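Please keep the view open while going through them.

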Amino acid sequence: MIGTVFRTDDIPAGDRFDYWQELVGRTRSSAIVSEHAADFWAQQRLLELGPVYVSQMSFLPTRYWRTAKLVRRSDPEFYHLTLLTDGGLSLDHAGQTSAFTARDLHLADSSQPYDVRSADDRQGGVVSGMAVDFPKALLPLPPHRVRELLGRPLPGTEGVGALLADFVVGLDRQADTLTPSDAPRLGTVVLDLMSAWFAQLLQAEAVLSPETRGRATAQRVQDFIRRNLHDPELTPPVIAAAHNISLSYLHRIFQQQTQGEPVAAWIRRRRLENAQDDLTNPALRGTPIHAIAARWGYPRPSDFTRAFRAAYGMSPRDYRQRAMSEDGGTGQK
C-alpha cells in the first residue's frame with residue numbers, strides 16, 4: 001500500500017475542521033470556510049508519487065479561498081489539477097469564472113489567487129474529486145501558454161483527457177495493492193499524460209521531449225489495447241495504424257514501458273489473465289468456456305486451450321473445475 005488515509009470520523013468533532021484545513025494546506029494552501037465547520041465531515045487518501053501528489057478528496061460543501069495575501073506570504077509554485085467526480089464546484093481564477101460538474105477538470109496556479117466554492121449547498125451534498133498537485137517546473141510547457149488553460153473547463157471525457165482522468169481514479173482504487181517502489185514510476189506517468197494532454201489542447205506538442213511523447217503514446221496504446229481485447233484482429237499493425245505511428249516506433253516505445261515485453265505478448269497475457277478471472281468467477285459458472293474465449297479475442301476454442309495450457313499448465317476446463325472445487329463454488333477462497 002502507498003499513501004495515507006484521513007477520515008474526520010477518527011478526529012474529535014471539535015478538531016475536525018481545523019485538522020482538515022491543515023491537511024489540505026499541505027498541498028493547496030488556502031483559507032477555508034464552511035457552514036458545516038461545527039460538524040464537519042471529510043476524507044482524503046493522499047498518494048505521494050515522487051514530486052507528484054495525487055489525492056482523492058470528499059467533503060461537505062466548503063469554500064477554498066487563496067488570496068493575494070496568501071500568495072505573497074508563501075508560494076510553492078505548484079499547478080493544481082482537479083477532476084470532479086461528484087457534486088458541483090465554481091471557480092474564480094485567472095480572469096475566468098466557471099462552473100464544474102462530475103467528470104469536469106480544471107487547472108489552477110498557486111501563484112495566482114483563486115476562489116473555489118461548492119456550487120449548491122441547499123442539499124448539503126458531499127463534493128468528491130481527485131486532485132493532482134505538482135511543481136510547475138516539471139511541466140515542459142511555457143508558463144505563458146499554460147496560462148491559457150487556467151480556470152476554464154477542460155475536456156475529460158475523450159482522448160488523452162479521459163485517459164488521464166481514468167488513470168488517476170484508478171490510482172486511488174488500486175492504492176492498497178501498490179508499493180512504495182511503484183510511486184516514482186506512477187508519478188512519471190501522471191506527468192507525461194498531463195504534459196501530452198496540455199500540449200494537445202494548446203497545439204504545442206512540438207515542445208515536448210521525445211521521451212515524454214513516447215511514454216504518453218505508450219499509455220494511450222495500452223489503454224486502446226485494454227478496450228479492444230475482444231477483437232481477434234487486434235494486432236500490432238492495426239494498433240500502429242490506429243495511432244498514426246509506424247510499427248517500429250510502436251514496438252520501441254512499448255517495450256521501453258513494459259521492460260522489454262513485446263506488444264503481441266502483452267496482448268496475449270492480458271487476454272489470458274482476463275479469461276482466467278472469468279473462469280474462476282462463480283457468476284459466470286454457467287458460461288461456456290468457448291464464450292469466455294471469444295469474449296477475450298479467441299474465436300477458435302482450440303487456440304484458446306493451447307494458449308491457456310501453455311500459460312497455466314492445464315486446460316481451461318480443468319482450471320475452472322479446480323477453482324470451483326477449492327472454493328466450494330461460492331467464490332470464497
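Predicted model: local features only at pLDDT ≥ 70, side-chain atom pairs only at ≥ 80, totals over all residues.

1. The crossing in which helix 4 passes helix 5 is left-handed.

2. On the side of helix 4, the contact is made by V160, G161, L163, L164, F167 and L171, while helix 5 contributes L186, V189, V190, L193, M194, W197 and Q200. By residue type, this contact of helix 4 with helix 5 comprises 11 nonpolar residues and two polar ones, with no charged residue.

3. Turning to the strands, six of them form an open sheet in the order 1-3-4-11-6-9, with antiparallel pairing. Strand 1 (4-7) and strand 9 (105-109) stand at the edges and have a single partner strand each, so one side of each is left without a neighbour in the sheet. On average, and with direction ignored, neighbouring strands of this sheet are turned by 15° against each other.

4. Within that sheet, strand 6 (residues 78-86) pairs with strand 11 (residues 127-135) in the antiparallel sense, over eight bridges. The residue opposite F78 is P135 in strand 11.

5. Helix and sheet come together at helix 5, which lies across strand 3 (42-49), strand 4 (52-59), strand 6, strand 9 and strand 11. Relative to strand 3, helix 5 runs at about 95°.

Key
Residues numbered from 1 in each chain as written. Heavy atoms only, no water. Left-handed = near helix turned anticlockwise from the far one by under 90°. Helix = DSSP H or I, 4+ residues; strand = E, 2+ residues; numbered from the N terminus. Contact = heavy atoms within 4.5 Å. Nonpolar A, V, L, I, M, F, W, Y, C, P; charged D, E, K, R; others polar. Pairing = 2+ DSSP bridges. Axes fitted to C-alpha atoms, helices over the stretch in contact; angles between N-to-C directions.
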